[in-house]
Amino acid sequence: MRYIPATDKDLEAMLADSGAGAFEEIISQVPKEIRDKAKLKLPPELDELSLMRHMKSLSDKNAQMDDTPTFLGAGAYNHFIPAAVGHILSRAEFFTAYTPYQPEISQGTLQAIYEFQTYVTLLTGMDVANASMYDGASALAEAVLMAVRIKRKRQKVFISSAVHPEYRETVKTYTGDLQITIVEIPYTDEGKTDIDWLEKNIDEDTAAVALQYPNFFGTVDDMNAISKIVSAKEALFISATTEIVALGLLKAPAEFGVDIAVAEGQSLGNAVNFGGPHVGLFATKTTYLRNMPGRLVGETEDLDGKRGYVLTLSTREQHIRREKATSNICSNQSLCALAFTIHLSLLGKRGFKELAQTNLELAHYAKEKIASLPGFSIRFNSPTFNEFVIQSDKDVIELNRKLLKRKIIGGLPLQGFYPELKNTLLFCVTEKTGREEIERLAEALGDIS
Amino acid sequence: MTSHNNFNESSQTEPLIFERSSEGKTGVMLPPSGLDRIDATNIFPQDFMRGEIEDIPQVSEVEVVRHFTRLSRLNYSVDGGFYPLGSCTMKYNPKVNEEAAKLSGFTSSHPYQPQELSQGNLQLMYELQEMLGEISGLPYVTLQPAAGAHGEMAGMMMIRACHEARGNARSKVLIPDTAHGTNPATSALCGYHVIPVKSNERGVIDAGEIERLMDEEVAALMLTNPNTLGLFEENILEVANVVHNKGGLIYCDGANMNALMGIARPGDMGVDVLHINLHKTFSTPHGGGGPGSGPVCVTEELAPYLPFPLAEEKEGLYNLNHNRPDSIGKIKSFYGNFGILVRAYAYIKSMGGEGLERVSKTALVNANYIKERLRHHFDIPYDRPCMHECVLSDKKQTPYSVKTLDIAKRLIDYGFHPPTIYFPLVVQGAIMIEPTETEPRRAIDNFCDAMIGIANEARENPEILKMAPQNVNFRRLDEVKAARSPKLRWSKEG
């Protein structure tokens, strides 16, 4: 109980000195039947040394990407994080602060969020961004809800089957209790969203069309063509990006006429962390500002005219509008957004582009190397960024098992998400899986098959 | 008066990082790929290629470090001082939790790596589910939600799924006026019509009032216990009976669990669904507004609807079960905010059952102590023993035209983070103070002395309150201006 400063004697003295009465009096509002059952059956407290040993033993039971080359991506990317990020992040003034409700003593958090919002608009090309969302998947779900709010009478939302399966699941859960129909657009043999199918099926009841950019197969959809189809029906165009680094090389979503751009920001500054916490990015056009969910920080000035920042436009939010709020969200992923902001600041204009270029080069090297092995081929003949799908003539679950024996974690078998894509693997290559790791992988795959 | 503010040494504002840029600088060097340069335009069609993103700044590492270090100094934090935000539970965050969460087996494991390679993570998740089940008295637990409000959403969706399975989804949710603001928003998001419930003169809900409102269309009563007045819903057993008899369910907002450990388990009060804000009661750092984590605990009847996956154990091997046909589905990618789960798990282990019981006992004593010490200086709208937070109002200061906002801003001059203000909405000019268990008596006394000093100033020199804060870098910020002409990003044009 080393975190509690008060001794029993202190507590007794405080009750007596203040005239608050006995502790039993204070809790007399709790019915006795409830009180009687309240004793907690939990193991006794652990001292710090024993606790740390126990935590270390749990941690050691997991494979770690730093020891075991990992070619998994699919929404969680193994990027290098410069040491300065962690050091700044763990400053207690950022780490142990709360939501900046008192702006006079929270300018650090507020300005950092303002810088984050600016970065998100720069990467996506959109006009405005919020202070962050739980993750990319829930950001996409909120984008769909927002589109339906804007296109009030329209009840249908098209979502590409080349969007991350867990993102699609999340959208379905969020919309499940509302009168919204989610329609999945098939993908083509090139691993792209099927535009012909969309053109035939989109109608006047469509509120929005959502794609992933680059998509789950690592491929880039025909963004311009799709954008035209969507705007011809006056629906909203939503893009979701799981790998934000791709936007160092690829055009901003806004340039394809996207109305709401969401993304997962984990790749910058945030460890994979077994899947979370990550950070959702959310940006849109000024026209839709007041329909946007989440927190916003805006510039203003103090009594002396000094530039400063505050939480703003909270009239859209739950604590004022209650059941009429734009969403029920009341937090953001502030610390993860800060990590993103610091990492991107360190990279700078050139570093960010260079990071994207390095990922592209290494991934293409790996793609060609694996595809040239007997028994392996590229599944979708389309340009890709740092993820690609490989077809194998072997059972890929077995293949991965054999790779593991050589201390390599292979690609993601897609058949779990797409039963028709039997014996395919989604590989991801980043700057952390360099040439040496790729060659080890290719050699192992060559030996096994 | 001398400044009590020592958390801030710098006297200047910090320019934006975008204003620090100059051509050619960088703070990171990447490893050479050892490969031939690829021209990306040979891979992607030209019309997909992006030029320079001109406005991303170019800054060296030392400049980045100084920029953010200076920014950090403009923040108040728990490690720097008392942070009595009611209902937010700003308690001390033990340092060992951070060491644990940084272990590379946790940070650098991939969610899609084979389960046999993630046994440590899965064991931790399984054991945390079990421990939260014990603490809440509701044994079936999901760790998926990323925040309290996210947990609320999952919980209300489960309530809907349960009623659908019983044959009628129902259309209404009863929400007391002392509930958190997210509660009505969440119910609306789940397609429910919100019916407000008035609390009685004792500040709690009344079984008779619930009886009057309860019908076959009410899916749930969504309450917060202890409620946002800091009071225990003393009629909870009767109220739960009334709701259950008409086929309704009880949702409890678990934001205030810090008051209950060892004192009352929601499962024993008749609650069917509860979310727990791990970042509050279980002491994970708030990080300036997140990440949080909001596990949901339920009864056996609601268990089939928990969002997937759930951690399970079979003969010493742990796995994630995705195969749950009646589940409401997935609510985010992967498995919840795992890094936060690690911290909460370490915290519970370091406290044990008795330690957690002591947490709540101490939090209650501290809150009641503050209420008693301030009794003669501030209005107490519901004057009864309170749980882990107490609510005051500015009624006694009204004759001097001093408002809650002025009191809060003046506290900043005394070196304190102000309490939560203007909440709950049922109290006009509310001031909601939550000391938690981690404040020593000396800090609490200093805070009370400051509050009493401010009450005296309100009578003798109200102007000084209106001009506060004066002893920090920023004076009152113009929130109206920010909302009227929103400027939400930096741009070169200004």
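Strands here are DSSP runs (E, at least two residues; helices are H or I, at least four), numbered from the N terminus, and two strands pair if DSSP finds at least two bridges between them. The model is predicted: local features need pLDDT of at least 70, side-chain atom pairs count only at pLDDT 80 or more, and totals for chains, interfaces and linings use all residues. Residues are numbered from 1 along each chain as its sequence is written, chains are lettered from A and ligands numbered from 1 in the order in which they are written, and side-chain values use heavy atoms, without hydrogens and water.

Within this pair, pick Thr420(B), which stands opposite Met432(B) in S12(B). Now show the whole open sheet, three strands in the antiparallel order S10-S12-S11 (chain B). Strand S10 (390-393) and strand S11 (420-421) of chain B are at the edges with a single partner strand each, so one side of each has no neighbour in the sheet.

Next, go to Asp302(A), in the loop between strand S8 (297-301) and strand S9 (307-311) of chain A. A polar atom of the Asp302(A) side chain lies 3.0 Å from the backbone nitrogen of Asp304(A). Across in chain B, the backbone nitrogen of Arg475(B) is 2.9 Å from a polar atom of that Asp302(A) side chain.

Note on methods. A polar contact is a pair of N or O atoms within 3.5 Å; within protein, one must be able to donate a hydrogen and the other to accept it, and residues adjacent in sequence count only if both atoms are side-chain atoms.
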